[in-house]
Amino acid sequence: MSDQKKSVCLDPGHDAGNLANKSPDGSYYEHEFTLDLARRMEGMLTARGVAVTMTRTGGEAVSLARRCEIANSIPGLNLFVSIHSNAAGGSGWSDAAGWSVYLYGPGGDRETAAQDLLEQVRAAGIALRPSPIVYDPELYVLKHTKAPAVLVENGFHTNREEAALLGQPAYRQKLAEAEVKGILQYLDIPWTDLAGETDYQREAAAAVAWMKENGIMRGNGEGDLMLDQPLTRRQFAVMEYRLAKLEGFV
Ligand SMILES: [Zn+2]
């Protein structure tokens, strides 16, 4: 057994400046969904020993070229997963529906990864497109990444029923878990129900990862986050202050 950690690059599509990719009623924004889903997946993968790199961790704009550069700078990267939701028709609601995964072309490791994702998503009972595997050599991040790469379209935000589902935390959790199971299957890492792991704990793991990445929680001098220690009012104030700075209020 190699002690080399398996690595995955998660690519939450778009950024907070993208207001065009939304449901027709404006209740759902793709950029918010993609980041939330990626954070949930990051928490679950990290808890199972996978090294995860995110191409964005906040609302900042990251070019497609930069996203590929980030992935291509990770030595021995096992898989690149771009996260999106789909759209069809003009500016109104449309009937197109279902989950699908895009890849550059047939065959190779990317096809195996796509099949593993599809298998787990199907097993979770998530509605699929009639042809859920789509080959597309034109998608930038699929074309310019060196590692096996897939782009997941998690249903259509232009479909009234799917837009409502995509907005629900429980549905997002279900998608995240199914896709993480697919990724682990591809990486030959067995899915384990972590002792006592609940939806709350998975969300907590994603939240802690985000607080750490964004410098809100820095821990003690040794980098220990002291997660089970009580919080003083002073520590609370410092974390709030860092968060306010991050969001541009200070
Ligand atoms: Zn998208």
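What radius of gyration would a compact globule with 250 residues have, and what does the protein have? Such a globule would come near 18 Å, and the protein has 18 Å, so the two agree. Keep in mind during the tour that this is a predicted model.

**The whole chain**

Start with everything shown as a C-alpha trace. Along its principal axes the trace spans about 55 × 50 × 35 Å. Of the 250 residues, 38% are buried. If you display contacts between residues at least 6 apart in sequence, 78% of them join residues at least 24 apart.

Now switch to a cartoon. There are eight helices and six strands. Followed along the sequence, they come in the pattern β-α-β-α-β-β-α-β-α-β-α-α-α-α.

**The sheet**

Select the strands next. They form an open sheet of six strands in the order E2-E1-E3-E6-E4-E5, and the pairing is mixed.

Go to strand E1, residues 7–12, and strand E3, residues 79–86. The two run parallel and are joined by five bridges.

**Two domains**

Finally, colour residues 7–187 as domain 1 and residues 199–246 as domain 2. How far apart are the centres of domain 1 and domain 2? Taken over C-alpha atoms, the separation is 27 Å. The contact between them takes 10 residues from domain 1 and nine residues from domain 2.

Select residues 30–47 to find helix H1, which supplies the largest share of the side of domain 1 that touches domain 2: seven residues. Which classes of residue make up that side of domain 1? It has two nonpolar, five polar and three charged residues.

Technical notes:
Residues numbered from 1 in each chain as written. Predicted model: local features only at pLDDT ≥ 70, side-chain atom pairs only at ≥ 80, totals over all residues. Domains from an automatic or database assignment. Contact = placed C-beta atoms within 7 Å. Helix = DSSP H or I, 4+ residues; strand = E, 2+ residues; numbered from the N terminus. Nonpolar A, V, L, I, M, F, W, Y, C, P; charged D, E, K, R; others polar. Rg over C-alpha atoms; globule rule 2.2 N^0.38 Å. Buried ≥ 20, exposed ≤ 12 C-beta atoms within 10 Å, placed from the backbone. Pairing = 2+ DSSP bridges.
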